[in-house]
Amino acid sequence: MPETTPRGLTRLAFGGDYNPEQWPESVWQEDVRLMREAGVTMVSVGIFSWALLEPSPGRYDFGWLDRLLDLLHEHGIRVDLGTPTVVPPVWFYRAHPEALPVTAEGVRYEFGSRAAICHSNADYRSAAASITTKLAERYGDHPALAMWHVHNEYGVPVSACYCASCAAHFRRWLATTYGTVDAVNEAWGTAFWGQRYGDLEDINPPRLTPAAVNPGQALDYKRFADATMRENFRMERDILHRLSPGVPVTTNFMTALSQCDSVDYWAWGREVDLVTNDHYLITDGRRTHVNLAMAADLTRSVAGGAPWLLLEHSTSGVNWQLRNPAKAPGQMARNSLAHVARGSEGALFFQWRQSRRGAEKFHSAMVPHGGTDTRVWHEVVELGASMEALSEIRGTRTEADVAVLWDWHSWWAQTLDWRPSVDHDARERADAFYEALYDRHLTVDFAHPEADLSRYPLVVVPALYLMTEAAGRNLTAYVEQGGTLVVSYFSGIVDQHDAVHEGAYPGPLRDVLGLTVEEFSPLLPGERVRVTGPDGTELSADVWTEFVVPRGAETVSAYADGPAAGLPAVTRHRLGEGTAWYVSTRLGADGLDALLGRAGEDAGLTPRTDLPRDVEVVRRTGASGTYLFAVNHTGSDAKVPLEAAGTELLTGDRAAGRLAVPAGAVRVVRLDG
């Protein structure tokens, strides 16, 4: 079995992307001196260096990389070595312009950015295999090498290409997936609008059409594009495994739903030796620390609960949003350690030294333009010391309380054309339910709808428009065996081909929820409805309503007005030893909190009323002990109750009773016993 931890790394990983090719070699000695001062343990190297490593076809220049890796090794800094296949050199595109991707509108991109790749192109695949082989042969046993880093952020900014090569590859993928053109016609429902195909050779990618394209075809093309990128990753990974045995191979994910929507990370998590992730705060007015926690929980879940690694985030502001505020004092460390609390084995940044030129010169770095006499640098050094103090947590696992079901295929299907309402957003519902669980101080695992759910007392389904029959059976068995399930509207509607399940909505969820839905009735912009509970409490909702018919379920709350006035809005159904809840409208934060409070009672979850809002408490447990992370995102000092006494690792102080967590700070206690 391949190694799953960076080779030779005995502490938490701390460092960042190191791009010394942007600087004269005279700077390198200063860099490694500063890395030692900051406590850097690992850097990522060579990710964008193909043009330097192979300046012309078949002519290689490894001298600078030899000197760099030797220098890093001399100073005890481990290397995450990249295969530079995210940006082929300009000479490659001059020889193979067809390797540049084509949009659905028929426009071919040009060289001059990054990740402009047709992943079906045979010449690209051959060139990528060649440079990967050369690197593995030269550095596969280099003493500085800790892990291999294939490509960079697959799926961003381009995942799908619509050129002739992709069309041919898509047909081969369909032949492998379905076998016959008749099976494709059946899956896609091509009898509608006379779209029936007589031969697989007649099928093209879902390019620009005058009206909505066939949704089954569009969904399968998203699957194909994702699978094609994964083919290329596997090609490079297998070369590295063969030529550099014992060194783990990864690629950096972007699991946050705010950052990448074209990659099925459940599938990718099974392909890498170590799950790694990049995360950047999205300044869209939301509570950024909640998005961070959600991304970290999702990354850990993709890793199957095992430790993972934050491979990129920012020391301060980024450069690619419309507005890029700096991080407040202390926020860098708080963000970094919040990732560690939720399973990361360290924290690395993009990048080590801030660029003077290029598209990301205003992206913050560990060494800013202002150098070492800056707040950011001083905070980097302090964070390095904190990482050193936390090294003993390596290998421990984060403990979760509840599960949220998520499926990228369902998300893809729901975003296709001509759904009942453009205002219903799967990501928004996932964010909203996650935030409600976060505010109840519950740590979340994400799970695939067909995964084993038996260890979770509560399972939440925020948005599963696409649901297989197997997933429906899985949820039914989960409830029958004593679980508590919460399902939000427009779930269980279609199968894996985007075909509506036979019978009434919500298909495979009818029995477990004890109801049917006769009709959807989305609301117009600005419209709201009132939802009234049996105790007279009233909540407001928007975007969506449904005509729900209980068939065993009890009505918990009803619509007081709107198109479904008098009908159930929230229901509860006892089935076997468990309970299933259904909410047929878009509740706001108060409504979701009330719903999850009631469902939590059914699940036997004890409310955490002793913790302030925006103070998160997370546990990691393993052979070395049990560790409680307390992360205070507020501007006020907080007190966190401890179940046992222990030692606070960042200060060395003993802690008992109630742990003092200063405003904006993090504390980590190794509990006694």
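At 0% relative accessibility, W544 counts as buried, where buried denotes under 20% relative accessible area, exposed over 50%, and partly exposed the range in between (1.4 Å probe, protein chains only). F490 is likewise buried, with a relative accessible area of 3%. The model is a predicted one, in which local features need pLDDT of at least 70 and side-chain atom pairs count only at pLDDT 80 or more, whereas totals for chains, interfaces and linings use all residues. Residues are numbered from 1 along each chain as its sequence is written, and side-chain values use heavy atoms, with hydrogens and water left out.

A search of the whole structure finds 35 aromatic pairs. Rings of Phe, Tyr and Trp (its six-membered ring) pair if their centres lie within 6.5 Å; planes under 30 degrees apart count as stacked, over 60 as edge-to-face and the rest as tilted. F170 and W188 form a stacked pair, with 6.3 Å from centre to centre and 15 degrees between the planes. Because F170 lies in helix α6 (residues 164-178) and W188 in helix α7 (residues 181-188), this pair ties together parts that are 18 residues apart in sequence. Helices (H or I, at least four residues) and strands (E, at least two) are DSSP runs, numbered from the N terminus. Both F170 and W188 are buried. The ring centres of F490 and W544 are 4.9 Å apart and their planes stand at 45 degrees, so the pair is tilted. One aromatic cluster is formed by Y154, F233, F253, Y265, W266, W268 and W408.

Nine strands form an open sheet with parallel pairing, in the order β5-β4-β3-β2-β1-β9-β8-β7-β6. Two strands pair if DSSP finds at least two bridges between them. The edge strands, β5 (249-250) and β6 (252-253), each pair on one side only. Strand β1 (residues 13-18) pairs with strand β9 (residues 344-349) in the parallel sense over four bridges, and F349 in β9 is the bridge partner of G16.

Strand β3 (residues 78-83) is largely enclosed by the rest of the structure, because six of its six residues are buried. Both of its faces are covered, with R78, D80 and G82 buried on one side and V79, L81 and T83 buried on the other. Four bridges join strand β2 (residues 42-45) to β3 in the parallel sense, and D80 in β3 is the bridge partner of S44. Strand β4 (residues 145-150) runs parallel to β3 and is joined to it by five bridges; T83 stands opposite V150 in β4.
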